Amino acid sequence: MKKPVATKGTTRVMKTRIKKKSGLKESSRRWLERHMNDPYVQQAKIDGYRSRAAYKLIEIDDRYKILKHGMRIVDLGAAPGGWCQVAARKLGSTDEKPLIAAIDYLEMDPVPGCVILKKDFLDEDAPAKLIEALGGPPDVVISDMAAPTTGHRRTDHIRTTHLGEVAADFAISVLKPGGHFLTKAFQGGSENELLTMLKQNFKTVHHVKPPASRDESVELFLLAKDFKGRKDPAAEPELNPPDA
């Protein structure tokens, strides 16, 4: 997918400027101005996507072909739902036959073809509830989870890497053989354990920075393709929690 441009036909999209006397801090004013003039933000409004993040998944899939019609998918950290929208279209998921189970502790409006759990993925019973909602093991696990930022770059990196490790552990425990796993990461060098885990369990691992990810952002994605399968199926973790 080519990067959206801020023009359509011969009509030029006017650049929005936030007045310096708007009452906002200078850093907030600059962020808001950049966001409002972002071509991906503008294109998302035109295409009906809930966030510019939808184009990250579109661009990754355009290159690596991880989403196919009829697959089952788990979406971790799904709010506000842009990735769900993209996946539902790619998979042909409908309310009559939902192929996507999504989870987030934030409120999220319904997405056609998607079963949404309002729950923290780190809750002990979350994995079992996701598989129950999906009706079976997934072909793909995607995660755009990121820890709330503290402003301290190293701390934010470590916390998001931890979420990636938890998501990877879940994916390895539930994916079908040959399945794929996609997770957000931050550039910074503390994801070695995560990379080791992925390389041991998938045939290939790719570092991906889609065009929709801002150049100045340390964000990137790790894509692990072709899950090798669990060595001892009898030792797979119990997905149904014991009765209380």
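The paragraphs below turn to the aromatic pairs and then to the backbone.

The model is a predicted one, and five aromatic pairs are counted in it. One of them joins F121 and F170, whose ring centres are 5.4 Å apart and whose planes stand at 80 degrees, an edge-to-face arrangement. This pair connects distant parts of the chain, since F121 sits in the loop between β5 (114-118) and α5 (126-134) while F170, 49 residues away, belongs to helix α6 (residues 153-174). F121 has a relative accessible area of 6% and is therefore buried, and F170, at 4%, is buried as well.

The rings of F202 and F227 also have their centres 5.4 Å apart, but their planes meet at 45 degrees, so this pair is tilted. Here too distant parts of the chain are linked, with F202 in strand β8 (residues 202-208) and F227 in strand β9 (residues 219-227), 25 residues apart. Both F202 and F227 are buried. Elsewhere, Y40, Y49 and Y55 make up one aromatic cluster.

As for the backbone, most residues other than glycine have a negative phi, and most peptide bonds are trans. Against that background, the peptide bond from A79 to P80 is cis, with omega near 5 degrees, and P80 is placed in the loop between β3 (73-76) and α4 (82-91). K65, which is not a glycine, has a positive phi of about 55 degrees; K65 lies in the loop between α3 (54-64) and β3, and its relative accessible area of 51% makes it exposed. D226, likewise not a glycine, has a positive phi near 65 degrees, yet D226 is located in strand β9 and, with a relative accessible area of 29%, is partly exposed.

How values were computed: Residues are numbered from 1 along each chain as its sequence is written. This is a predicted model: local features need pLDDT of at least 70, side-chain atom pairs count only at pLDDT 80 or more; totals for chains, interfaces and linings use all residues. Side-chain values use heavy atoms; hydrogens and water are left out. Rings of Phe, Tyr and Trp (its six-membered ring) pair if their centres lie within 6.5 Å; planes under 30 degrees apart count as stacked, over 60 as edge-to-face and the rest as tilted. Helices (H or I, at least four residues) and strands (E, at least two) are DSSP runs, numbered from the N terminus. Buried means under 20% relative accessible area, exposed over 50%, partly exposed in between (1.4 Å probe, protein chains only).
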